[in-house]
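I opened my notebook and picked one spot to start from. Here is what I looked up, entry by entry.

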Amino acid sequence: MDIKSMKNYLYWLYCQFELITCSYLMEPWEKLLFYTFNITMLVMVLYAAYIFVPVHVSTAFQFFLHLVGNQRENTVSILK
């Protein structure tokens with residue numbers, strides 16, 4: 001794929017995005033607010049996913065290992 005067709009494809013995607021969100025009807029200052037809000041929300045969601053998803057996956061993995069049977073012996077049962 002050459003550079004010109006890639007440029008045209010990206011422009012086409014941008015036009016599709018503007019049509020879907022109806023942002024082509026907005027004034028420039030409204031577009032700035034709209035895009036700033038959307039980018040901020042996207043960054044916050046990606047940051048939250050980066051921080052919290054690995055913890056939840058690890059916890060779920062430990063829980064399922066516990067269900068399958070790879071569980072440690074309880075120290076209370078050893079003492080009895």
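Entry 1: I started with Ser-23, which counts as buried because its relative accessibility is 0%; buried means under 20% relative accessible area, exposed over 50%, and partly exposed in between, using a 1.4 Å probe and protein chains only. A note to myself on the ground rules: this is a predicted model, local features need pLDDT of at least 70, side-chain atom pairs count only at pLDDT 80 or more, and totals for chains, interfaces and linings use all residues. Residues are numbered from 1 along each chain as its sequence is written, and side-chain values use heavy atoms, leaving out hydrogens and water.

**Entry 2: where Ser-23 sits.** I found Ser-23 in the loop between α1 and α2. Helices here are DSSP runs (H or I, at least four residues), strands are runs of E (at least two), and both are numbered from the N terminus. Which residues does Ser-23 contact, leaving aside its neighbours within four places in sequence? I got Glu-18, Lys-31, Phe-34 and Tyr-35, where contact means heavy atoms within 4.5 Å.

**Entry 3: Cys-22.** I looked in the loop between α1 and α2 again and found Cys-22 there. Cys-22 is not a glycine, yet has a positive phi of about 60 degrees. Most residues other than glycine have a negative phi, so I flagged this one. Cys-22 is partly exposed, because its relative accessible area is 39%.

**Entry 4: the two helices.** I checked how α1 (residues 3–21) packs with α2 (residues 28–68): the angle is about 95 degrees and the axes are 14 Å apart. That makes α1 roughly perpendicular to α2, a label for angles of 65 to 115 degrees. I listed who meets whom: Tyr-14, Phe-17, Glu-18 and Thr-21 from α1, with Lys-31, Phe-34 and Tyr-35 from α2. I sorted the residues of this contact into four nonpolar, one polar and two charged.

**Entry 5: the whole chain.** I counted three helices and zero strands in the protein chain. Buried residues make up 5% of its 80 residues.

**Entry 6: a database check.** I saw that UniProt, in an unreviewed entry, lists residues 32–53 as "transmembrane region". Over residues 32–53 the chain is 100% helix, and the end C-alpha atoms are 31 Å apart.

Technical notes:
Axes fitted to C-alpha atoms, helices over the stretch in contact; angles between N-to-C directions. Parallel < 35°, antiparallel > 145°, perpendicular 65-115°, else oblique. Nonpolar A, V, L, I, M, F, W, Y, C, P; charged D, E, K, R; others polar. UniProt positions renumbered as here; feature names shortened; annotations may be inferred.
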